[in-house]
Amino acid sequence: MKNDVLKVLDRLLAAEEDFFRRPPSVEAAKGLQGRRYKIQEHIRAIGRSGDLPLIVAAERMIVDGDLVRYANSVAMTNSLKAAIGELSAAERHIGIVDDPQKYRAVDQAHSLPRNRKGGLPLDEARQALASHYTRLNNLDKARLVDDEKKVIDARKTAVFEAVKLYTACQAKTLGVDLAQGKKRGNRL
């Protein structure tokens, strides 16, 4: 199923690129807007899926595609490569967070208070997802048309959901009661 969902996303992104590269016309603009709506809805569905690896893989696919299709400056290329590296780190941690023996080493390596939040380690995955959320938030402030901003908003929502899912995995693996942290006023 994961591969099917990602294949649909890949086709939608390729179709968007096709409309984007067409000569300017009313038809091309309407087609591009329609494609972006479908992309937005697909990303929202992925974000609601509750499937952490799928959410991160979809975001990684989008960033990979942006690097290939749209990177037009050294700064943009470097930013996208950094995002890919961070999402790769998140994917690696997703692979170990459910294994209590492996994840205890990560927990112990983040023992200082500044390396913890809500009783859980601020490991590379949480840092990477937070950094990527900030990157998307900054993109949302750029000069984009409304349908582009809606796609960015769908991506932000999905990444925020990924953070919540990952934090829940950490808590389950480490036996931390997240409700206690909320009662103490800690935000995740």
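Predicted model: local features only at pLDDT ≥ 70, side-chain atom pairs only at ≥ 80, totals over all residues.
By a cavity I mean a set of grid points where a 1.4 Å probe fits but cannot get out, and its lining residues are those with an atom within 4 Å of a point. The structure holds 1 cavity of 30 Å³ or more, and the volume of the largest cavity comes to about 50 Å³. Its lining is made by Ile43, Ile46, Ile55, Ala58, Glu59, Ile62, Ala158 and Val159, and the elements that each give two or more residues to this lining are α2, which spans 26–48, together with α3 and α7. Of these, α3 gives the most, with 4 residues. By class, the lining has 7 nonpolar residues, no polar ones and 1 charged.

Next, the packing of two of those helices. Helix α3, residues 52–70, packs with helix α7, residues 146–174, at an angle of about 140°, their axes lying 9 Å apart; that angle makes α3 oblique to α7, because only angles over 145 degrees count as roughly antiparallel. The crossing in which α3 passes α7 is left-handed. On the α3 side the contact is made by Leu52, Ile55, Val56, Glu59, Ile62, Val63 and Asp66, and on the α7 side by Arg155, Ala158, Val159, Glu161, Ala162, Leu165, Tyr166 and Cys169. Sorted by class, the residues of this contact comprise 11 nonpolar and 4 charged, with no polar ones.

Finally, to bring the two parts together: Ile55, Glu59, Ile62, Ala158 and Val159 are among the residues that line the largest cavity, and these residues also belong to the contact of α3 with α7.

Technical notes. Residues numbered from 1 in each chain as written. Heavy atoms only, no water. Axes fitted to C-alpha atoms, helices over the stretch in contact; angles between N-to-C directions. Parallel < 35°, antiparallel > 145°, perpendicular 65-115°, else oblique. Left-handed = near helix turned anticlockwise from the far one by under 90°. Contact = heavy atoms within 4.5 Å. Nonpolar A, V, L, I, M, F, W, Y, C, P; charged D, E, K, R; others polar. 1 Å grid on protein atoms, 1.4 Å probe; cavity = no way out; pocket = protein on both sides within 12 Å on 5 of 7 lines; lining within 4 Å. Points joined across faces, edges and corners; volume = space filled by probe spheres on them.
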